[in-house]
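I opened my notebook to look up a few places in this structure. My entries follow.

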Amino acid sequence: MNNSNPKQPIRILMIIPRIDIYQGGPSYAVINLCRALANQGIEVTLFTAEPTGEIPLRTDSKYKTEYFPLSFPKRYSNSNALVKAIFQNKTRYDIIHIHNLWNIITTRSALAAQKLNIPYVITSQGMLSAWQRGFSQFHKELYFKLFDRKIIRRAAFIHFLNEHEAINSNRLLNGCSQRIIPNGIWPSEFKELKPVEFRERNGLDNKPLVAFLGRLHPIKRLDLQCGAFEILADKFPQLNWLFIGPDYGMAAEITKILTQAKLRDRAFLTGMLSGKDRLSALSAANVYCHTSSHEGHSIAITEALAAGKPCVVTNQCHFDDIETSQAGFIVEPDPKSIADAIEQILTSPDRARTMGDNAKALSTEKYSWDAVGKAMIKEYQSILNNL
């Protein structure tokens with residue numbers, strides 16, 4: 001029997017096809033949402049497929065994590081064992097919360113929830129919004145028509161990370177209920193960072209530094225940052241640029257562009273960094289820059305805010321709070337606009353300091369995982385109250 005008594009802990013089954021340190025935001029978001037819910041007394045179990053060679057992210061002992069082997073067709077994220085476990089444990093969960101779309105684990109988990117009469121929530125992780133902009137991939141359109149449209153319409157609600165994502169996905173929802181709750185950060189993780197050590201280790205001293213954090217993937221439009229670097233290079237002969245993250249096809253292009261511009265020796269491609277190493281590198285920057293062609297709610301930008309970095313972000317990242325909170329600039333996705341904004345920050349130390357303070361305040365007040373967890377629990381309870 002589902003739990004509609006607010007005095008009893010809500011029991012959530014969280015499902016994501018894979019937890020992978022190299023897959024970026026969704027993996028981080030899921031494990032931190034689990035942790036935030038567990039911290040507030042929710043009973044959380046996470047189901048996911050076994051890692052396929054990559055290093056899985058560390059999960060938390062405050063909630064239970066179960067890994068399941070993949071089944072044919074593995075390429076499309078199928079796991080018979082995971083779906084079987086849903087049926088075997090059908091009385092243990094009040095709500096099933098599913099992350100991602102266009103994979104068999106997501107589809108079969110939602111269908112299992114329907115069969116068991118367990119309410120379920122879907123977090124699209126930006127996938128509906130990104131696809132809606134083009135409908136360019138035939139196999140996704142076919143899969144959506146055959147499967148995902150049906151499971152979306154029977155969900156208790158669709159969870160979006162920001163208003164733009166929700167609006168951009170609306171055509172696909174057909175009236176389905178939706179909620180907007182962002183990703184978050186843990187403010188405690190941003191204490192006692194060591195930017196000086198990172199700078200000394202890399203011979204940066206007091207040189208100005210612009211940083212990017214995330215996968216080096218074409219969708220991040222890092223070519224725009226390289227172009228901005230070329231524009232700024234002569235005005236700021238000590239300027240360096242930092243690219244933090246694993247290579248997803250852009251490292252060679254970045255190297256080629258900056259080598260041709262004779263700036264390669266002023267750029268750092270760190271590869272994958274995690275934990276304090278990642279945040280310490282981020283905290284060493286004077287400016288944070290993010291230029292993706294699409295974002296839901298970027299954890300990397302949120303971490304930059306929490307680190308107190310003035311941010312220069314393109315408008316396609318949909319992070320309007322940066323400008324309304326005076327924590328940086330929202331700019332057009334072209335090298336000159338990016339360079340002009342960075343120049344304003346680098347040449348105005350007092351303004352940069354104020355922006356950094358505003359950034360930290362914004363992250364703490366609006367984007368802490370504790371606040372995110374409370375907002376999600378409120379929505380879960382609303383589902384159970386209406387059963």
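This is a predicted model: local features need pLDDT of at least 70, side-chain atom pairs count only at pLDDT 80 or more; totals for chains, interfaces and linings use all residues.

I then took Leu146 by itself. Leu146 sits in helix α5, which covers residues 138-153. Is Leu146 buried, partly exposed or exposed? Its relative accessible area is 45%, so I note Leu146 as partly exposed.

Helix pair. Next I checked how α8 (residues 222-233) packs against α13 (residues 335-346). The angle between the two helices is about 55 degrees, and their axes are 8 Å apart. I therefore list α8 as oblique to α13. The crossing of α8 past α13 is right-handed.

I looked up Asp334 and found Asp334 in the loop between β13 (328-331) and α13. Asp334 has a relative accessible area of 27%, so I put Asp334 down as partly exposed.

Another loop. Pro310 was my last stop, in the loop between α11 (299-306) and β12 (311-314). Its relative accessibility is 3%, so Pro310 counts as buried. The cut-off for buried is under 20%. I also took the C-alpha separation of Pro310 and Ala49, which is 38 Å. Pro310 and Ala49 are 261 residues apart along the chain.

Notes
Residues are numbered from 1 along each chain as its sequence is written. Side-chain values use heavy atoms; hydrogens and water are left out. Helices (H or I, at least four residues) and strands (E, at least two) are DSSP runs, numbered from the N terminus. Buried means under 20% relative accessible area, exposed over 50%, partly exposed in between (1.4 Å probe, protein chains only). Axes are lines fitted to C-alpha atoms, for helices over the stretch in contact, and angles run from 0 to 180 degrees between N-to-C directions. Angles under 35 degrees count as roughly parallel, over 145 as roughly antiparallel, 65 to 115 as roughly perpendicular and the rest as oblique. A crossing is left-handed if the near helix is turned anticlockwise from the far one by less than a right angle, and right-handed if clockwise.
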